[in-house]
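Please read the following briefing alongside the sequence and the 3D view.

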Amino acid sequence: MNEDKTKSGLVSIIGRTNVGKSTLLNHLIEQKVSITSRKPQTTRFRVLGIKTKGLCQAVIIDTPGYHRGHKRALNKYMNKVALSAMTGIDILLFVVEALKWKEEDQFLLQKILKGLNKVILVINKIDKLKQKERLLPYIDQLTDKHDFMDIIPISALKGNNIKRLEKSILTNLPTAEYLYPEEQTTDMTEKFLISETIREKCIARVGQEIPYRITVTIDQFEEKGLILFISATLYVEKKSQKGILIGLGGKNLKSIGTSSRKELERIFQKKVMLKLWVKVKKNWTDNETIMQSMGYRIE
Ligand SMILES: Nc1nc2c(ncn2[C@@H]2O[C@H](COP(=O)(O)OP(=O)(O)O)[C@@H](O)[C@H]2O)c(=O)[nH]1
Ligand SMILES: [Mg+2]
């Protein structure tokens, strides 16, 4: 008997927007691979994190939250990415929020997860519960809705019960060879990491006003000696949005630049020279051709 048999497989995190999927992925990988924010619909792309531990490797996919009632091309794209991460998957983590069951949760459960027997129900944000005793009846209610492989209440933000979830994921993986080298933690390119870092800072700064209309492209990424030279363009849809993004006397853009630079220097452990430009691309969130040219493609 081969005692060194490894387990490995694909794990997809699905759930409606803003339940904490990206926060959970970052916690499981113990590294920030997916950007998060208080605004819904922050994740736009498929983000992959790799967790290797004790002869098990989980390849975990974070997806845009499934959402309804929005009809722009960007929303359709995001829902497509969310649903395409469902095929060929070994384990699904269905993330919901404690005590907040919504129409979209019901939709995902009934239409997407129906009949699937490899679903772990993850009840997130238990740290927010004021009356802890309400959790058990909530779990009972959900148990009746589907034949879940496991049900685990967690706090992705505080880290409560994440180890239990991790164990449940790893032990339920099929016996297989590793899909990625042991030391790899993500499959994203440096350019993608940079554009997502900058987009996160934009949402943090002007997310109240224009959360969904910003996209970032990287025009230059060059290492010269000890310095990384990066220049990026931030696209918005209207002149008024450009004004908001730049801010009075350039205040917002400056702050986005500073916080992005600091985080990039931490990630790359190098000095970073960052240049940001703001441009208007009319109606980009509703134009598939423009979106494709900006990197919104389904692989
Ligand atoms: N209190 C609390 N907030 C959380 C928790 N997990 C995520 N959040 C917050 O919920 C918001 C949405 O999180 P995010 O990971 O971007 O959600 P996603 O849209 O499902 O990927 C962010 O402000 C997170 O900080 C949690 O366990 N407890
Ligand atoms: Mg997300």
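How much space lies in the second largest pocket? About 460 Å³ lies there, a volume being the space filled by probe spheres set on grid points that are joined across faces, edges and corners. This is a predicted model, in which local features need pLDDT of at least 70 and side-chain atom pairs count only at pLDDT 80 or more, while totals for chains, interfaces and linings use all residues. Residues are numbered from 1 along each chain as its sequence is written, chains are lettered from A and ligands numbered from 1 in the order in which they are written, and side-chain values use heavy atoms, with hydrogens and water left out.

**Magnesium site**

- The magnesium ion (ligand 2) has S22 (OG) and T43 (OG1) as its protein donors, at 2.0 to 2.2 Å; donors are N, O and S atoms within 2.8 Å of the metal (3.2 Å for Na, K and Ca), and sites may look incomplete because water is not among the atoms.
- Since S22 belongs to helix α1 (residues 21-29) and T43 to the loop between α1 and β2 (47-53), the pair ties together parts that are 21 residues apart in sequence; helices (H or I, at least four residues) and strands (E, at least two) are DSSP runs numbered from the N terminus.
- S22 and T43 are both buried, where buried means under 20% relative accessible area, exposed over 50%, and partly exposed in between (1.4 Å probe, protein chains only).

**Pocket and cavity**

- A pocket is an open set of points, on a 1 Å grid over the protein atoms alone, with protein on both sides within 12 Å along at least five of seven lines, whereas a cavity is a set where a 1.4 Å probe fits but cannot get out; lining residues have an atom within 4 Å of a point.
- The second largest pocket has 26 lining residues, and N18, G20, T23, S37 and K125 are those that lie nearest its centre.
- Helix α1 gives the largest share of this pocket's lining, 3 residues, and by class the lining of the second largest pocket holds 6 nonpolar, 14 polar and 6 charged residues (Ala, Val, Leu, Ile, Met, Phe, Trp, Tyr, Cys and Pro count as nonpolar, Asp, Glu, Lys and Arg as charged, and the others, Gly among them, as polar).
- A search of the whole structure finds 1 cavity of 30 Å³ or more, and the largest cavity holds about 40 Å³ of space.
- L28, K51, A58, I60, E166, I169 and L170 line the largest cavity, with 5 nonpolar, no polar and 2 charged residues by class.
- At least two residues of that lining come from each of β3 (56-62) and α5 (162-171), and α5 contributes the largest share, 3 residues.

**Salt bridges**

- The structure holds 21 salt bridges, each being a side-chain nitrogen of Lys or Arg within 4 Å of a carboxyl oxygen of Asp or Glu.
- K32 and E263 meet in a salt bridge at 3.0 Å, N to O, and this pair links K32 in the loop between α1 and β2 with E263 in helix α8 (residues 251-268), 231 residues apart.
- K32 is partly exposed at 34% relative accessibility, whereas E263 is buried at 11%.
- The closest N and O atoms of the salt bridge between E97 and K128 are 3.6 Å apart; as E97 lies in strand β4 (residues 91-97) and K128 in the loop between β5 (119-124) and α4 (135-143), the pair ties together parts 31 residues apart in sequence.
- In that pair E97 is buried at 7% relative accessibility, and K128 is partly exposed at 48%.
- E223 and K270 form a salt bridge at 2.6 Å, N to O, which joins strand β7 (residues 215-224) to the loop between α8 and β9 (271-280), parts that are 47 residues apart in sequence.
- E30, K51, K53, K163 and E166 are joined into one network by salt bridges that share partners.

- V47, in strand β2, is buried with a relative accessible area of 2%, and its C-alpha atom is separated by 5.1 Å from that of D62, 15 residues apart along the chain.
- Leaving aside neighbours within four places in sequence, V47 is in contact (heavy atoms within 4.5 Å) with L25, V33, S34, I60, I61, D62 and F192.
- N79, in helix α2 (residues 73-84), counts as buried at 12% relative accessibility and, not counting residues up to four places away in sequence, touches G65, Y66 and H67.
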